[in-house]
Amino acid sequence: MEITITDEEWNVLAPENFDTTALLRTVDAVDELRGDLNGGEDGGLPQLRIDLLKLHQLAMAVFNEGSRSQVADLFEFAVDLEDQVLGMTNALEQVQDTLSQLTALYPESLSYAGLDDVEAD
């Protein structure tokens, strides 16, 4: 069955309504995330996971064991991780924004595709 959209819907799918290079920029954003979330060449654990566990150890030492000598390390490391996660969040927001722009152009008639098959049964 061929799925068709209306002429009006087709006209909305014009280049001025969506910049396809935005999708390439989302690929770049995902590549940034891969750098933060991959486990390295050996397929090990993601560095972010390792760093969060290290942060947990520092927090345990400071909050639970009263180690004043590790307070500076705890907060310096927390700030570094916060900056890294903010960068990851920005990359994900770029991906989300681009996908939202594209799906906002979703032709309504495609929502009804396949309904004719159901009604014919």
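At 39% relative accessibility, Asp31 counts as partly exposed, a class that lies between buried (under 20% relative accessible area) and exposed (over 50%), as found with a 1.4 Å probe and protein chains only. The model is a predicted one, in which local features need pLDDT of at least 70 and side-chain atom pairs count only at pLDDT 80 or more, while totals for chains, interfaces and linings use all residues. Residues are numbered from 1 along each chain as its sequence is written, and side-chain values use heavy atoms, with hydrogens and water left out.

**Charged pairs**

Asp31 forms a salt bridge with Arg34, a term that here stands for a side-chain nitrogen of Lys or Arg within 4 Å of a carboxyl oxygen of Asp or Glu. Arg34 and Asp31 are separated by about one helical turn, because they stand three residues apart in helix H2 (residues 21-37); helices are DSSP runs of H or I with at least four residues, numbered from the N terminus. The structure holds two salt bridges, and they are set out in the table below.

| Salt bridge | N to O distance | Relative accessibility of Arg | Relative accessibility of Asp |
|---|---|---|---|
| Arg25 and Asp19 | 3.5 Å | Arg25: 39% | Asp19: 40% |
| Arg34 and Asp31 | 3.6 Å | Arg34: 53% | Asp31: 39% |

Arg25 counts as partly exposed, and Asp19 is likewise partly exposed, whereas Arg34 counts as exposed.

**Rings and the nonpolar surface**

A charge also sits over a ring in this model, since Lys54 lies over the face of Phe77, at 4.6 Å from the ring centre; the rule asks that NZ of Lys or CZ of Arg be within 6 Å of the ring centre and within 35 degrees of the ring normal. The count of aromatic pairs, by contrast, comes to zero, where a pair would need rings of Phe, Tyr or Trp (its six-membered ring) with centres within 6.5 Å.

Val12 is found in helix H1 (residues 7-12) and is partly exposed, with a relative accessible area of 34%.

**The nonpolar core**

The largest nonpolar core has 12 residues, among them Ala29, Leu48, Leu74, Phe77 and Val95, and a core of this kind is a set of buried Ala, Val, Leu, Ile, Met, Phe, Trp, Tyr and Cys residues joined through side-chain atoms within 4.5 Å. Two or more residues of this core come from each of H2, helix H3 (47-64) and helix H4 (71-103), and the largest share, six residues, comes from H4. Leu74, which lies in helix H4, is buried, with a relative accessible area of 4%. The C-alpha atoms of Leu74 and Asp28 are 31 Å apart in space, and the two residues are 46 apart in sequence.

Glu32 lies in helix H2 and is exposed, with a relative accessible area of 52%. Gly43 lies in the loop between H2 and H3, and this glycine is exposed as well, at 62% relative accessible area. Along the chain Gly43 and Glu32 are 11 residues apart, and their C-alpha atoms are separated by 17 Å. Glu32 and Asp42, in turn, are 10 residues apart in sequence and 19 Å apart in space, C-alpha to C-alpha.

Notes. Phe/Tyr/Trp six-rings, centres within 6.5 Å; stacked < 30°, edge-to-face > 60°.
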